[in-house]
Amino acid sequence: MAASYPTKVLLAFRSGGVCAFPKCGKHLTYEAKSGEDTYVAEAAHIRGEKPNAARYDASMTDDERDSVHNLIFMCTDHHTIIDKVEPDWPTPTLRALKATHETQVRQAMEEAFADVEFPELERAVSWVTSQVPTANGSFDLVAPAEKIKKNALTNGSRHIIAAGMMSRATVAAYVEAETQLDPDFPERLKAGFLAEYYFLRAKGHQGDELFELMCSFAQRGLRNHADRTAGISVLIYLFEICDVFEK
C-alpha cells in the first residue's frame, strides 16, 4: 500500500511544493515544456511503511501509515538521509519538522493575499474561464462563518479563508470589470471550480481535505507565488458568494 494521489496532492499543497528538510528550500516541481507540471518530490514516511523500514510502528494501520499526517514532503536526497541515518531523525524530530514547515508555508500564504492585484488575477483565472459554463448555481450571499461550519472546516482552513478575505475587494472589482466586457464571465469563472468540487465530493473528500484539494486545484498551472495566491483568492471569493462548497 502507498499514499493515494489525493493524499500526495494535499501534502504538496501544505508543503508549498518545497522540501521540508532544514535549509534545503528546493522547489520540487518539474516545469513541463508541454502539458502540466508535475511534482518530483517524495512523500517520505515519518513512521515507516514496512516492518524493516525506519521508525516502523507495528501498532499503526496501513491507512494511518499512508495518511498525510504521517508523511513529510522531501527531495530524494533528504528522504534518503532521514531513512539511512535514522538515529539522527527519530519520529518526534520529524513530526516537529513537518509541523514547522507546514506552518511557515501557511503563514507565507496568508501574508501574500495582501499583494494580489489584477495581473495576478488575470493569470489565475485564464484557464478556469475556458471551461464550459454550468447551468445551475446562484450568487446568493452566505455568511462565511456559517458556510465554514456547514463545510466542517477547522482552524487550518479557517485561517486561510480569513486571510484570503483580505483580497476580496480586489477580486470583486476584477470580476465586476471583466463582467462589463463579458456578461458571462462570472458563470465561466465558476464552471471549472464547480466541476472539480463535485468530482472531489463524489470521490468521498470532505471538510479540510476537500478545501485543501480545491486550493491545490486553484493553483493548477500557476508557477510563481503571487499567481498561486491569486488562484486561492479567487476560490475564497467563490466560497463566499456562490455555491462552490456546501451552503
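1. Which helices and strands each supply at least two residues of the lining of the largest pocket? They are helices H1 (5-14), H4 (91-112), H9 (185-202), H10 (207-218) and H11 (225-241), together with strands E2 (38-39) and E3 (42-45). Helices (H or I, at least four residues) and strands (E, at least two) are DSSP runs, numbered from the N terminus.

2. A word on the ground rules. This is a predicted model, where local features need pLDDT of at least 70 and side-chain atom pairs count only at pLDDT 80 or more, while totals for chains, interfaces and linings use all residues. Residues are numbered from 1 along each chain as its sequence is written, and side-chain values use heavy atoms, with hydrogens and water left out.

3. The overall picture: the protein has 11 helices and 4 strands. Of its 247 residues, 47% are buried (under 20% relative accessible area, 1.4 Å probe, protein chains only). Taking contacts (heavy atoms within 4.5 Å) between residues at least 6 apart in sequence, 76% join residues at least 24 apart.

4. The largest pocket has a volume of about 1200 Å³. Val9, Tyr39, Ser216, Gln219 and Arg228 are the closest to its centre among the 41 residues that line it. H1 gives the largest share of the lining, 6 residues. By type, the lining holds 19 nonpolar, 12 polar and 10 charged residues. (A pocket is an open set of points on a 1 Å grid over the protein atoms alone, where a 1.4 Å probe fits, with protein on both sides within 12 Å along at least five of seven lines; lining residues have an atom within 4 Å of a point.)

5. Leucine 213 sits in helix H10 and counts as buried because its relative accessibility is 6%. Leaving aside residues up to four places away in sequence, leucine 213 touches Pro6, Val9, Leu10, Leu200 and His205. Its C-alpha atom is 9.8 Å from that of leucine 11, 202 residues apart along the chain.

6. Finally, arginine 65, in helix H2 (residues 62-65), counts as buried because its relative accessibility is 4%. Its side chain makes a polar contact of 3.0 Å with that of tyrosine 56 (a pair of N or O atoms within 3.5 Å, one able to donate a hydrogen and the other to accept it).

Terms used
Buried means under 20% relative accessible area, exposed over 50%, partly exposed in between (1.4 Å probe, protein chains only). Grid points are joined across faces, edges and corners, and a volume is the space filled by probe spheres set on the points. Ala, Val, Leu, Ile, Met, Phe, Trp, Tyr, Cys and Pro count as nonpolar, Asp, Glu, Lys and Arg as charged, and the others, Gly among them, as polar.
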